[in-house]
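Hi,

Here is the structure I promised to pass on. Have a look, and then read my notes below.

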Amino acid sequence: MKLHALAAASALALAATACGARPGVDPAAEAPAAGGSTVSIAANGDASTADGRPFEVDVIAVFEEPWAMAFLPDGRLLVTEKKGRLQLVDVESGATREVSGVPAVAYGGQGGLGDVLPHPRFAENGLVYLSYAEAGENDTRGAALARARLVPDEAGGGRLEGLEVIWRQVPKVNGRGHYGHRIAFDDEGRLWLSSSERQKFDPAQDMTSNMGKILRLEDDGRPAAGNPFEADGGVAAEVWSLGHRNVLGMAFDAEGRLWEVEMGPAGGDELNLVERGGNYGYPIVSEGDHYDGRSIPDHATRPEFIAPTISWTPVISPSSLVIYDGEVFPEWKGDAFVGGLSSRSLVRIEFDGTAAREAERFDMGHRIRAVRQGPEGGLWLLEDGGGEGGQGRLLKLVPPAAEG
Ligand SMILES: [Ca+2]
């Protein structure tokens with residue numbers, strides 16, 4: 001069955017929604033539908049075609065508070081649900097089965113089960129990495145990273161075996177925000193992990209903490225050899241770059257450069273090119289300001305801190321980042337796509353060397369929690385559940401059908 005709906009990729013409408021409160025629940029969210037339905041998201045026919053390129057959206061499955069996804073080499077998809085479930089999806093049928101053995105997570109606020117990624121040699125070692133919020137003593141929490149072997153079962157699900165926690169945020173603190181624990185692997189098999197500042201500000205500049213940093217690790221969680229602060233020892237040896245706030249997307253481009261997106265405070269969402277030993281300035285500088293109205297000096301006042309390649313005010317609330325190199329949308333090869341939460345959008349970014357600009361913004365009508373490139377070379381999205389128990393759909397973007 002095909003369900004057709006039209007949404008206008010109107011920059012004006014988006015400018016209005018992008019100012020809205022950020023982590024809010026959407027009371028007007030429509031009930032998700034699944035089961036092979038198709039929703040067309042097309043540019044406003046009255047506007048210039050430069051406004052948006054039409055594509056269709058296949059609805060593959062529905063999850064409870066999905067947070068992240070990653071494809072396995074066999075084409076199946078792992079999806080995390082924030083309350084602590086790991087799901088294995090046959091994307092052809094939409095059939096979804098649970099994977100048992102996930103570690104206990106500290107669910108609440110922005111915390112719970114987070115990112116998921118298979119090892120680059122998953123076909124040989126079966127290893128899967130999970131980031132999550134872990135409870136500590138005295139009402140504290142911290143991001144943690146575990147890996148385990150995924151053992152499939154005949155029902156299409158499986159279990160995790162030999163789980164080991166290979167990294168933890170230092171120190172654990174109170175509160176339930178800004179875990180920002182995104183995982184990526186580079187071409188050398190090194191493990192990159194963002195470790196956000198838990199809404200504690202100063203740790204982003206404190207080298208006795210690994211919060212507010214981007215980390216470069218060996219695949220077993222040890223600090224990678226050759227890191228810029230290796231000689232300092234302790235958690236500083238993990239650090240590649242610092243002065244980050246809430247990093248929710250990381251992706252490598254075709255030249256092997258690492259890019260990240262992070263949420264600014266009131267204003268000042270960022271796309272950054274991640275440089276070895278670079279300090280991105282938070283909380284000393286930001287293109288945004290504090291929520292309580294206190295201003296934060298902009299990057300231009302302190303040239304020793306690296307300014308963002310793009311900053312967004314009003315914010316888009318970036319949740320995720322992919323740099324596209326597929327064949328399904330050949331004109332987008334080399335472009336970046338950012339999932340937007342408060343902006344309910346998919347943002348396309350064009351590069352010119354290491355310069356970048358927002359080229360296009362698609363109104364998706366829902367908070368977009370995750371974006372990935374599929375093994376078939378297309379783009380896949382996860383909607384955000386929007387709040388406790390909320391549902392989010394797994395969407396596959398496909399070129400528009402030839403039929404009218
Ligand atoms: Ca500012």
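Let's start with a pair you can find quickly: Val 338 stands opposite Val 347 in β21. Before going on, note that this is a predicted model, where local features need pLDDT of at least 70, side-chain atom pairs count only at pLDDT 80 or more, and totals for chains, interfaces and linings use all residues. Residues are numbered from 1 along each chain as its sequence is written.

Back to the strands (DSSP E runs of at least two residues, numbered from the N terminus, as are helices, H or I runs of at least four). Strands β20 (residues 336-340) and β21 (residues 345-352) run antiparallel and are joined by 5 bridges; two strands count as paired if DSSP finds at least two bridges between them. They belong to an open sheet of 4 strands, in the order β19-β20-β21-β22, with antiparallel pairing. Its edges are β19 (318-323) and β22 (355-363), each pairing on one side only.

Further up the chain there's a hairpin: β5 and β6 have 6 residues between them, and Gly 94 in the turn has a positive phi of about 80 degrees. β5 (residues 85-89) and β6 (residues 96-100) pair antiparallel over 4 bridges, with Gln 87 partnered by Glu 98. β6 also pairs with β10 (residues 158-168), this time in the parallel sense over 2 bridges; there, Ser 100 has Arg 159 as its bridge partner.

Finally, Leu 381 touches residues including Gly 339, Leu 346 and Ile 368, leaving aside residues up to four places away in sequence; contact means C-beta atoms, placed from the backbone, within 7 Å.

Cheers

Definitions and conventions
Contact = placed C-beta atoms within 7 Å.
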